[in-house]
Amino acid sequence: MMMLKKYLKQVLLRKFKHKNYMLMKRNFLFFWIISSLLVAQKYEDVIQPIWDEHCASCHTGNNYSGDLDLSSGSSYDNMVNVNSKGYQGYKIVKPGDSENSVLFQKIVGNIAFGNPMPPGGNKLSSSKEEKIKKWINDGALKEWGDLAIENEFGITPNLFGLAQNYPNPFNAVTSIQISLVKDSKITIKVYDFLGKEVNSLIINQSLQKGSHRFIWKGEDDNGYQLPSGVYLYRLEVNSMNGRELYQNTKKMIMLK
Ligand code: HEC
């Protein structure tokens with residue numbers, strides 16, 4: 001009898017180990033596939049070429065031009081979160097706020113900010129202007145993800161939506177944006193890759209229609225930091241009287 005018990009235990013243990021191994025293997029593969037799909041855009045590839053073409057002829061080294069060096073390799077540290085020389089109290093580029101960034105006001109030609117850039121009527125094309133605006137408003141990062149996922153499903157502002165978290169992958173904090181067609185009650189939960197709930201960000205909270213943003217700090221419900229990996233976040237929208245209106249789940253990656 002003892003022998004049989006021991007034998008069964010061994011078989012079970014082996015099975016369990018094998019299952020765990022297979023699961024790990026699958027997770028790793030999945031993690032790898034997702035990571036390779038989410039290619040971040042780089043400041044150097046998207047924004048720097050605009051400076052090279054239109055600005056660096058004047059803004060190089062410590063020339064005149066407000067000491068603003070926009071040549072490759074120097075531009076980022078010379079403008080992001082740097083005080084403007086010409087306009088007291090303003091940053092040249094203020095992350096997340098194109099309206100209060102001297103650089104942006106100058107490229108759109110707002111006369112309150114002096115000469116437009118580039119000077120002499122050579123305004124940047126509107127697509128370049130848009131790129132710069134989006135980059136600043138996305139946080140003026142060296143690498144940033146694509147925010148346009150909401151349009152992936154043809155969602156217009158008159159539909160419910162759950163946007164891809166931003167930034168993604170993320171290191172410290174990430175934001176999750178949702179859009180609501182009508183006043184509703186929402187729940188947002190975060191799950192680990194095995195589907196175990198790790199954080200209930202918002203529980204049945206009443207919100208007005210429109211768009212809302214939530215921050216997740218990569219912590220569990222008790223404020224403990226969670227490990228790197230793939231996480232899922234799920235939005236559930238119910239009407240004020242409890243009828244299901246919308247649900248969606250998306251993946252995000254935390255890289256510590
Ligand atoms: C023909 C030369 C020239 C070109 C090209 C040029 N700039 Fe300038 N820029 C200047 C001069 C001169 C100043 C300082 C006087 C002023 O603020 O108008 C200046 C000032 C600035 C400032 C203000 C800096 C501060 O500290 O307040 C910003 C921002 C700026 N330029 C951005 C750009 C950008 C972006 C481009 C390209 C899209 C560009 N400039 C192209 C000559 C130029």
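Colleague: Where is Pro169 placed?

Modeller: Pro169 is in the loop between β3 (161-162) and β4 (174-180). This is a predicted model, in which local features need pLDDT of at least 70, side-chain atom pairs count only at pLDDT 80 or more, and totals for chains, interfaces and linings use all residues. Residues are numbered from 1 along each chain as its sequence is written.

Colleague: What is omega for the peptide bond from Asn168 to Pro169?

Modeller: Omega is near -5° and the bond is cis. Met117 and Pro118 are also joined by a cis peptide bond, with omega about -10°, and Pro118 lies in the loop between α5 (102-108) and α6 (126-137). As background, most peptide bonds are trans, and most residues other than glycine have a negative phi.

Colleague: Which value of phi does Asn81 have, and why is Asn81 called exposed?

Modeller: Its phi is near 65°, a positive value in a residue other than glycine. Asn81 has 11 within 10 Å, so it is exposed. Asn204, in strand β6, has a positive phi of about 45° and counts as exposed with 11 C-beta neighbours inside 10 Å.

Colleague: And Asp67, buried or exposed?

Modeller: Asp67, in the loop between α3 (48-54) and α4, has 12 other C-beta atoms within 10 Å, so it is exposed. Its C-alpha is separated by 8.7 Å from that of Asn78, 11 residues apart along the chain.

Colleague: How do you know that β4 and β7 pair?

Modeller: Two strands pair if DSSP finds at least two bridges between them. For β4 and β7 there are 7 bridges, in the antiparallel sense, so they meet that definition. Leu180 stands opposite Gly210 in β7.

Colleague: What makes β3 and β7 edge strands?

Modeller: The open sheet has the order β3-β4-β7. Each of β3 and β7 (210-216) has a single partner strand, so one side of each has no neighbour in the sheet.

Colleague: What is the order of the sheet of 4 strands?

Modeller: That open sheet runs β6-β5-β8-β9 with antiparallel pairing. Its edge strands are β6 (197-207) and β9 (244-254). The twist averages 15° from one strand to the next, where axes are lines fitted to C-alpha atoms (for helices over the stretch in contact) and angles run from 0 to 180 degrees between N-to-C directions. Strand β5 (residues 184-192) is joined to β8 (residues 229-238) by 8 bridges, and Val190 has Tyr233 as its bridge partner.

Colleague: How do you know that the buried residues of α6 are on the same side?

Modeller: The buried residues are Ile132, Trp135 and Ile136. They cover an arc of only 100° around the axis, which puts them on the same side of α6; the arc is that of the directions from the helix axis to the C-beta atoms. On the other side, Ser126, Ser127 and Glu130 are exposed.

Colleague: What do the buried residues of α6 pack against?

Modeller: They pack against α2 (43-46), α3 and α5, a contact being two residues whose C-beta atoms, placed from the backbone, lie within 7 Å.

Methods. Helices (H or I, at least four residues) and strands (E, at least two) are DSSP runs, numbered from the N terminus. A residue is buried if 20 or more other C-beta atoms lie within 10 Å of its own, exposed if 12 or fewer, and partly exposed in between; C-beta atoms are placed from the backbone.
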